[in-house]
Structure formats: structure tokens, C-alpha cells
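Please look over the sequence and the model shown below before reading on. The report that follows goes through the contact between the chains, then their arrangement, and then a single chain.

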There are 2 protein chains.
Amino acid sequence: MALIVQKYGGTSVGTIEKIKNCAKRVAKTRDAGNDVVVVVSAMSGETNRLLGLAHQIAEIPNERELDVVAATGEQVTIGLLAIALSEMGYKARSFCGFQIPIRTDDAYVKARIRTIEGDTIRKALKEGYIAVVAGFQGIDDTGSITTLGRGGSDTSAVAVAAALEADVCEIYTDVDGVYTTDPNICSDARKLEKISFEEMLELASLGAKVLQIRSVEFGMKYGVRIHVRSSFNDNQGTIVTTEDEIMETAVVSGVAYSKNEAKVTIVKVPDKPGIAARIFRALSEAKIVVDVIVQNVSVTGYTDMTFTVGRSDFRKAMTITEKAASEIGAEKVVGDDRISKVSIVGMAMRSHSGVAMKVFETLAAEGINILGISTSEIKISVLIDEKYTELAVRVLHGAFGLGNPSA
Amino acid sequence: MALIVQKYGGTSVGTIEKIKNCAKRVAKTRDAGNDVVVVVSAMSGETNRLLGLAHQIAEIPNERELDVVAATGEQVTIGLLAIALSEMGYKARSFCGFQIPIRTDDAYVKARIRTIEGDTIRKALKEGYIAVVAGFQGIDDTGSITTLGRGGSDTSAVAVAAALEADVCEIYTDVDGVYTTDPNICSDARKLEKISFEEMLELASLGAKVLQIRSVEFGMKYGVRIHVRSSFNDNQGTIVTTEDEIMETAVVSGVAYSKNEAKVTIVKVPDKPGIAARIFRALSEAKIVVDVIVQNVSVTGYTDMTFTVGRSDFRKAMTITEKAASEIGAEKVVGDDRISKVSIVGMAMRSHSGVAMKVFETLAAEGINILGISTSEIKISVLIDEKYTELAVRVLHGAFGLGNPSA
């Protein structure tokens, strides 16, 4: 008998029919003799509907109150799922964030979980209940309702699993698991049986929308085995776990991409201390998140500096940078909002040389110009013209032998 | 500077536009130097939508979980109203039932308020906030969410006003106040300036849908001055208060009616002890609420017994009564589900004779047959054929001089 945490996302509970299907899956896990804790999101579309109401009143709604409104989405789902389970003859009990409690900081709309009290749920499980927990929400020290931001239910599920020391946290979604790349781009993309937390973290942050990034961080920190799988079939999905558990590691595990990028280049920046700080302080004050930063060593007393931002921040970033550039005596600022970022990720990259070279050669062979490069221990990202995104993903996927041999 | 509790019902917060209008009214009261606590219902239609979701899953949904779902309606409204007030530059803070807390018993879907802790709201008011409180909901001793049943927000408002010793509890609704009778039936119906709790209680229970009956009981018990008024204009409404405060009392204050009635008569019941108990126990076990009961003194060893039930319970009541009647040796059971109840209510009725006689004479003059009579200290109800309802209301309204002289 195991303790299993299951998380169902918005599309898995999007209709009454789908909620009933979830109930059946939960019941099956229960019938197999397991203790089950279910964490659910709002029905798909519901969070947007609620936020839409608030935005009809204020462009920037009071954030404490926005959370009060948004948190109702998950509350409705836990009630409905508990009703469905009761109707099938199971003992089920729903829990809002405040009832557990799931304690967070008071950063409304993007709160972070601090602690989860496990006793309330443990007591319910002991009494034979299936516990149905509202994802996405918590409560701060003053008793105000908080929400964790988009995708927060994944984090709720992994955090609950950590607090209860669950055997596994199953994340049910609309895909079968984590793939070597987007199957819409590479028809021979292969489902990974296992992947390390570190790799998943890089993939999650690079635009593979399977798991919310903070849930992976939580999993890594507390060693929670995460099983990503589909709510529409019984296939084995992908296990996200510690590196130790993965016997044989591929040099490269996957190719990720993000089209939501824009690039700003400051031409002929005087190479003096404090210049970079001045530009990025201005961007930071405007709450613009800068991703990749590339700056070459200067040989002439001047340098060019390039950085990327989210595409929606592009115009604002250009204006701010142009102002800062003229103040520091740079020549000019040029930008491009039609670029994308393609990345390869793999644990064994650390101990293999020649990976970067292979990336560059592969892209060069297709005539794809590299506009910028950024690397970490287990990742290489290149910036390219957006129109080459799919081509680049396909050739890299092939070059590193990621495809399904039978495809 | 006064402490004013304002309650807005579902139609007053039914759209974003209406929520903004509520915010303006609240702000105006605040600007006049008052402390304001606002209690709101769910947006109109929302509670039905939520219950509808639950009923798609189960005919009789688990009641604890049904309350979890239903309580979200009010939670959305408090958030939106607080956002609207913040947007206008006012300090506003929303409160769910659990945050105050409003403690109830654990009778889900029809919980009763036990205590309201006033400190949380008092602290917020002291800090300059407008407090926005979710009506209809509370929390039981185990921390589960409860709801008070339909119309419960009125009760929440009056109970909050009692706990805070507010100067007045304003109930905003879609009518101007309490009228001498239904203006749709009598065009000269007159708005009452004041009415006593006792009279209001009789009117509320008789089908004048202005105030929820338990809210009036609360008001009477704790001496909360209630002001029933329209959220669509600034007219003075009707004050519901203690008898002492009402200087000159009319003999009759209003005429109420209910068409939702059905009548069951057991013919030739043996007049022995325990017979009535036997019949009404059977009805009670089937959760059928019996309203008026009429039984004459027996002179022959037999008696006829008549009682009324809600029209939706008529068929069930007939079946149960027929079974009980044959067991106790009564001759037969006859029923009629097309009857209505018309009542006149007035405090001064106690000290005036001839009121009942005037009722009977007035109806007789119109050829309206009385099928049953029930009286209390301040009320006379008659059962009549449903088709005469409007006529009976009009002639009684006129006979007791209730009409607006200028109409």
C-alpha cells in the first residue's frame, strides 16, 4: 500500500464528464489499496473567466482581492470531484488551502509555498477518506488567501507530496509524458522513460510546457518522484527523478524551443565598469526580465552587447535601452523581435566534449545563422531567426540521435 | 459618525456595472464619515449555475461538498467589490466566512449562525478599511465551509450588524421597501415607513419576499434596526424596528398572500387521543412541512381534520395521509392543490375587536368562500380558492384603509 498524490490539470477537469472520469481513475487507484490525495486545478477556462471579471473593473486589480476571486476556481473543482467520488460510494473530503493549511508568503498572484501542515490530510486518510486538495492556492500569515501564479497547481501537488512523504506524485496532463522534443515538429520525437530533475528544469524553463518550473524545483529539493502522464489513457508516462535513479544517461535528452523571444543589441558601448549595471538596472526597474546576455571581450575599448527579452516586452525594452545607451555614449541600439531560442539539454553533456561544436556544425550545414549563444553545464541555447525554428529543432533532434528508431 | 452595515442582494450585484454602482453607493456612505461594512450575495444566477454543476454529477450531492461549491459565489463578489472600491481609491478588504470567522452549526446547506467574532472586522475598520463580507457562508467547528440556505445573506448581514452593534443594517434590494401589499395586485399599495419585527416576521413567512425570515428573527432578538431600501434609487425605504419605536400603529399593516398552497382534509376521523400525532408523525418523517392545521370540536365522536402543505409536497402528502387514514379508520381523504392563503397582519389587532369579522364580511360580500382559518395574535389567515387570490387581496386592502390616499 502506497501513498499516491495525483494532480489533474484544467483540461483533465474541464467538463462534468471529465471530472467523472477523474473520479473513476482516482477510485481505481484507491481500489488497488493505495491512500490517495488528489490535487486539482480550476476547470479549463474558469481562471480566465474570473480574471476577466476583475479586469472589467480595473486594469490592474488589487492583487489581494484578485486572489480571493481567482482561488474560487479550484474550490469549485474540489467540491465537484468530492461529490463525484461520494456518489460512487467512496469517502471523499475536499480541502481548500486554508483548511490544510498551505502556508505561503504574501506575494499575492505569485505567492511561494513556505510550509504545508500534513496532519489534517493524514488524519483524513487514516479515517479512510480520499483527500481532494485545491491546487494553486494557499494562505498567508494574516489569513489572507493567496495564489501561486499560473501553473501553480503542479507546485501544490509536489509540495503536498513532499509534506506527506508520498511514494509518487502523478501529474496528469493532456500529453503522454516528456518527449525528446515537440512531436508537432518532429514526428519521430520519443517519449522519455525517465529524466533527471536538472534536465527537466532546463526543459521546463525553455518552453516545454509539461511541468511548471517551480514544481520541478520542489521535487528536486525534497526528492519527490514525479510521474508525468496522460489523463486520457493508461500509458506509462515519464518519471522525473534524481540522477542516481537513471542508470544510463544520454548525452542529450531533448531539444526545446521558445518562439517568444526578442533581441536588443547596443552597438559600440564604451567598455567601462558599471555600464552593464546601469542598463540592466533600468530594465529591472521596469520589471522586464532579461534572459540571455551576450557580451564579447573588448579589444578596441568598445564592445557590442546583446540581450534577449520576452517578445511582449520588446518595445518597452527598446525605449529604455535607447535612453540608457545615449546616456552612456553608445553608438546606437538595434533590435529584432522575430527571433527564437533553440536549446539542447542533457546531463551527460558535462562529461562529453564536442557537443557545442556539433550544434554549430549541424545548424551551419543548413545555412542557419546563429545570432547568440548561451550555455550552462547541461544546456546549450542558440538564438536564431524565428523562421528557422522548426528546421533547427528537426536537424538537432536528428543529429543527436534522439528520434524513435521505429518511427 | 455611525457604523453602517449594508447588504446587497444578487440582483444588486448581478453585473460588473451593478457592482460598480454598489461601490459608488458604499463610497458615498463612507464619504459621509461613516464606518461601512458591506455584506454581499452571489451575482444573480451564479448560485443556480454552481448548484447546477453539482446536480449534473449527483441527484443528491454530498452536502458538505455542495457548500464548498456554493460558497464560491459570494467569494467572487466580495473580491470584485473590493477591487472596485480599491480602484476608486478607497481602502477595502474582503472577508470570507472563515476569515471573520462566522461560526455556524454543521447543518450543511441550511446551517444556522452561532457566533460572529467581531474583532477582525473592527480592527480593519479602525485601520480605515471598508470591510466587504461574504454573505450566506460560515464555518463549522471542524473548519468546514457551511452555507445558510437560500436568502441567507440577509441573515449574515443582520448577524454581523448585531455582532458589531451597528447603528443600522441597510438591506438593499430591488424593491423600495415593505408595502402594505403586492403593488402588482393593488396599484394603491403604500410603502410603510416603519414596521415592527413581529409584523415583518408574519409578512416574511407569509410570502412577502422582501426579507429572509431568519434575518428578521435575528434583528428582533438583538434589536438591530433594519432599513429595507432599493439599490436603484435614494428613496427612504422601510425601517423594521421594535414596536416601541413605532409611535402610531395601524390596526392592520399589510395584506400578504401565498399561492404555493395545497389542502388535505381527512373526513370522519375517530376523535381519539393520538390520532393527530400519528398522521403528522408520518408527514414529518417524510420531511413534509405542515402549515395551517384546522380541526373542529367533535360532537359526534368523529371530526374532520384539514391541513395545508406546500404545493410541491401535495401528491406525497396525499399518499401518506391516505395510508394513515385507512389505518386509523377515517372515512376518506380529499385534497385540493389549487388554494391560496391570504393574511392580514397588524400589531394593533391584539387590542381591536372585530377585525376577524370584518375579514369574513368583506370576503363574503364578494362571494369568496373561506376554506379554512388560522389566526395568531397579530395575524388572520384565510384559505381560499386560488382563483380569488387577487380579488381577496384587493378588497381586504381597501377594507382596512391601507391604500395610498393620493393614488
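## The contact between the chains

In this predicted model, the contact draws 30 residues from chain A and 30 residues from chain B. On the side of chain A that touches chain B, α1 (16–31), α2 (46–57), α3 (63–70) and α4 (72–87) of chain A each provide at least two residues. The largest share of that side is supplied by α4(A), with 11 residues. The table sorts the residues of this side by class.

| Class, side of chain A that touches chain B | Count |
|---|---|
| Nonpolar | 18 residues |
| Polar | 9 residues |

## How the two copies are arranged

Chain A can be superposed on chain B by a rotation of 179° with 0.0 Å of shift along its axis, and the RMSD is then 0.1 Å. The two copies are therefore related as by a two-fold rotation axis. In chain A, the C-alpha nearest that axis belongs to A:Thr72, which lies 2.8 Å from it. Both copies use the same surface for the contact, since 100% of the contact residues of chain A recur in chain B.

## Helix α4 in chain B

Helix α4 of chain B covers residues 72–87, and at 1.5 Å a residue its 16 residues should span 22 Å, which agrees with the 23 Å found between its end C-alpha atoms. Is α4(B) largely enclosed by the rest of the structure or largely open? A residue counts as buried here if 20 or more other C-beta atoms lie within 10 Å of its own. By that test 15 of the 16 residues of α4(B) are buried, so the helix is largely enclosed by the rest of the structure. Just after α4(B), the residue B:Gly89 takes a positive phi of about 95°.

## Chain A as a whole

The secondary structure of chain A consists of 12 helices and 18 strands. Chain A is divided into domain 1 (3–174) and domain 2 (255–399), and the centres of these two domains, taken over C-alpha atoms, are separated by 38 Å. Along the principal axes, the C-alpha atoms of chain A fill a box of roughly 75 × 55 × 35 Å. A compact globule of 407 residues would have a radius of gyration near 22 Å, and the 23 Å of chain A agrees with this. Of the 407 residues in chain A, 49% are buried. Among contacts in chain A between residues at least 6 apart in sequence, 74% join residues that are at least 24 apart.

Conventions:
Residues are numbered from 1 along each chain as its sequence is written. Chains are lettered from A and ligands numbered from 1 in the order in which they are written. This is a predicted model: local features need pLDDT of at least 70, side-chain atom pairs count only at pLDDT 80 or more; totals for chains, interfaces and linings use all residues. Helices (H or I, at least four residues) and strands (E, at least two) are DSSP runs, numbered from the N terminus. The expected span of a helix is 1.5 Å times one less than its number of residues. A residue is buried if 20 or more other C-beta atoms lie within 10 Å of its own, exposed if 12 or fewer, and partly exposed in between; C-beta atoms are placed from the backbone. Copies are superposed by least squares on the C-alpha atoms of residues with pLDDT of at least 70 in both. Two residues are in contact if their C-beta atoms, placed from the backbone, lie within 7 Å. Domain bounds come from an automatic or database domain assignment. Ala, Val, Leu, Ile, Met, Phe, Trp, Tyr, Cys and Pro count as nonpolar, Asp, Glu, Lys and Arg as charged, and the others, Gly among them, as polar. The radius of gyration is taken over C-alpha atoms; the globule rule is 2.2 Å times the number of residues to the power 0.38.
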